Amino acid sequence: MLFEYIDSMKNTIAERVFDFLKDFPPFDCLESKDLEIISRNVTIRYIPKNENVFTTDEEVHDHFYVVKDGAIGIFRNKDKVLVDQCDEGDIFGLRALIRKGHYILNAEAIEESIIYCISSELLENNITINAKANKYLLASFVSNIRNPYAHENIDFLENQVENIQQSKTHFTELHSVSYSKDPVTCLPNVTIKLAAQVMSSKKIGSIIITDAEKPLGIVTDKDLRTKVATGAFSIDDNVDQIMSSPVIAFAKDITVAEAQIAMLQHKISHLCITEDGTANSKLLGILSEHDIVVLQSNTPTVLIKAIERSSTDQELKYIRQGIQELLLGYMQQQIPIPFILKIIAVLNKAVIEKAVLLSLAEMHSPPPVEFTFLALGSQGRNEQLLLTDQDNALIFKDVPEEKYTETKNYFLTLALKINHKLNTIGFEYCPAEMMANNPKWCLSVSQWKQQFHNWITTPDKDQIMLCTIFFDYDFVYGDNSLVKELSESIFESIKNYNIFLNFLGLDALKNPPPLSFFRQFLVESSGEHKDQFDIKSRAIMPLVDAARLLVLSHNFKEHNNTVLRYQKLAQIEPQNKTLYLSCITAFQVLTKFRTLHGLQQNTSGRFIDLKSITKEDKLKLKRCFTAIKEIQQLIQVRFNLSQIL
Amino acid sequence: MFPWTKKKSLPEFWMNYANHFRTKKKLHLQTTRFVIFDTETTGLHIKNDRILSIGAIGATSQTMNIGDTLELYVKQDVYNPKTAEIHGILKEGSMTRVEEKQAIVFFLEFIKGAILVAHHAAFDISMINTCLKRLSLPKLKNKVLDTGDLFKKTTICPDKNKHYSLDELSAIFNIKKQDRHTAAGDAYITGILFLKIVSHLIQKRHFFIKDLFFRSNRKGLL
């Protein structure tokens, strides 16, 4: 009898546990009956500061843990290095429980903590049976294990990232259409003549026949042509005799793709938008084929044509905004990042090329010699999605010494125009002045060679930075052979001064990834906390730098794109293939994250306020940090950098 | 064994309860079951006031087990509108209620063999004992710990002669106050307090169960 009563009794404490857990993954994915069972069976533990929850090599407990209050640090046993910090709602101690092995790390309270212990039985019966919760656990499990590139886990790494990401973004649906509200309607007993008069006066091609605000049918220009003008019906007949009925109706959240499919399927050009998506509810509006065509004006082909036709930088500015909208649409439609990168790169390049052409047209004379205009940095790597600074350079063919100043002045004037136009279009001036209108970045081939030779043979910090940016170039306009000549000479210089690669290596390691997240903070390896995350310099650039260095060390110069570089590396170093592939995943996840963030905030997306990101996002980012850490370790070993560091 | 006791007249549930206290087992701090509990009453008068609800949680010296809880609401004719403002329990509330006797049956079953822990335990124990007396039953047999007394054993207690309220100790030990003035909520807060005090005590030196019972200040509470 006691137990019967207990089953039905109110359990205030369990309710509080429930209220706490329900906000955190994976518990937020669970059915409430499962979460209730878990909440009613949690054990609460108090851990004073500096005491262990478990220690390395300890036999696995029959629990995993959730931090309720306080903070638990996960430490490596041998050197007491902090590996992770868990705060309210974080899970730990799961790996050993799943693996049924020993603990490989120490868990110690950094602050006095209260933790919930959840038994393996609950885990099995009430959590892992839920596919979504299970995915989260596996993902968190993968992000915490020592080597996430082990073969058995690679699938998680590649699949889970995308899955979790998709479930959480706010753009899970396709773009919904905008339809014409307040459509013109008439009653079924109106004459065809009157309906046609209304259509003519309102300059519309269709009219909806309604009864009590519900759409009965539709009469279009085509009906008038095929049914009335042919004499089949008289203009004094009622419209309901010639209307197409029933109408095809949809709810207002119909997506572009759905609308297109419906129109094709039913061979019609108009859809009714009604309150509940059936013809039996109030008519809200009408969606015509034309509306869809207007929506789709931001396609790559349309934009490319517009770029070709444009004649001022102002026009290009609007086209660039169209590109931004296209990007937004792609992100919303979950188009894969590599595809988006390619399309946007082509469009950006076309815009820059057009800016060069427009500037050339403004010059009083044609260029005295051949020249090349290059995009550098992220533009050069074809990895620019959001508008960022412009980085570019100009190379012109060698001229006799007496003509050098005159020639250089010509190209500096040209470059000034180009840089100005790009700025108008939306590519802001580079604060470091890495632009073609800077006399240092507008040189003849021989001068460039000399400059690079100096940078490579006497490397210092700033010059390394200049070099790195120049290894990522993309030819935009002009004579490609000049670039080839220059880059061959650069590779020659590198070959003779191998130590240069070590300097490049040092540069690639200057930004180690952060360790983890803790509450509203980013935890640095030093233990320092920061409340903002510079995703560009702390996560994306380290991956870019590493790819560049490794590719250069193999003497490959064809690839100037991070993903392509890692793919090439995976090919030539099969033993490190999994690491390189995980770098690609990390790079794509980070790029997507940055782009979404930038689009939401209307910024370059570079600085991320940690308050704005969810636990899932943090987990996702944390997994990327692991890839960065691994690739940096590889570089450190390969280039023997621990001695120099 | 002792023929002069009223053994025969006592009901079975009491005998079941009492049997758990017959053998003297050696108690270990790590394995002993504690029951942290709190009562909400119609007032502070031991004889005239009645228990409205009991909240109790099973615990060890380091953990509290939510799966091992008891939350009882008791049917009472005595009702005090003034204290209702504090605990929020209405005379005819929507909670499933049990008769007082039934509540005692459940409670004894739940606490058998355990060490009871409460804040200012003397009051709660007296309330229960008065209740037992009404039912013609002996007093509780459990060992009892008072978190107010336990706190005075710690080095952080500023004044050994003061009575510390649950609110004051919650503030000292940085415990979030949730569901305050419900029996279950106060039992939970008392439970966290108990875990924190015990961990504080065992940090200082090796501690045995009997040490918990040794009173530094033997003046009673009531």
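**Notebook: chain B and its side facing chain A**

I began with the order of elements: from the N terminus on, chain B runs α-β-β-β-α-α-β-α-β-α-α-α-α. That gives 8 helices and 5 strands, taken as DSSP runs numbered from the N terminus (helices H or I, at least four residues; strands E, at least two).

A note on ground rules. This is a predicted model, where local features need pLDDT of at least 70 and side-chain atom pairs count only at pLDDT 80 or more, while totals for chains, interfaces and linings use all residues. Residues are numbered from 1 along each chain as its sequence is written, chains are lettered from A and ligands numbered from 1 in the order in which they are written, and side-chain values use heavy atoms, with hydrogens and water left out.

**Inside chain B**

I looked up burial next: 50% of the 222 residues in chain B are buried, meaning under 20% relative accessible area (1.4 Å probe, protein chains only; exposed is over 50%, partly exposed in between). In strand S2(B) (residues 51-59), 9 of its 9 residues are buried.

I then followed the partners of S2(B). Strands pair if DSSP finds at least two bridges between them. S1(B) (residues 34-41) runs antiparallel to S2(B), joined by 8 bridges, with Phe37(B) partnered by Ala56(B). S3(B) is also antiparallel to S2(B), through 7 bridges, and Gly58(B) stands opposite Asn65(B) there. S2(B) and S3(B) make a hairpin with 3 residues between them.

**Across to chain A**

I found 30 residues of chain B in contact with 26 residues of chain A, contact being heavy atoms within 4.5 Å. The buried area is about 2,500 Å², 60% of it from carbon and sulfur atoms; this is the accessible area (1.4 Å probe) that the two parts lose on being put together, summed over both. In chain B, Ile66(B), Glu71(B) and Phe106(B) lose the most area to chain A, together 24% of what that side buries.

I counted 2 salt bridges between the chains, each a side-chain nitrogen of Lys or Arg within 4 Å of a carboxyl oxygen of Asp or Glu. One of them pairs Lys196(B) with Glu112(A), the closest N and O atoms being 3.1 Å apart.

Which elements of chain B supply at least two residues each to the side that touches chain A? They are S3 (63-73), H3 (100-111) and H7 (183-204). S3(B) gives the most, with 10 residues.

Finally, I checked strand pairing between the chains: S1 of chain A (residues 43-47) runs antiparallel to S3(B), with 3 bridges. Arg45(A) stands opposite Thr63(B).
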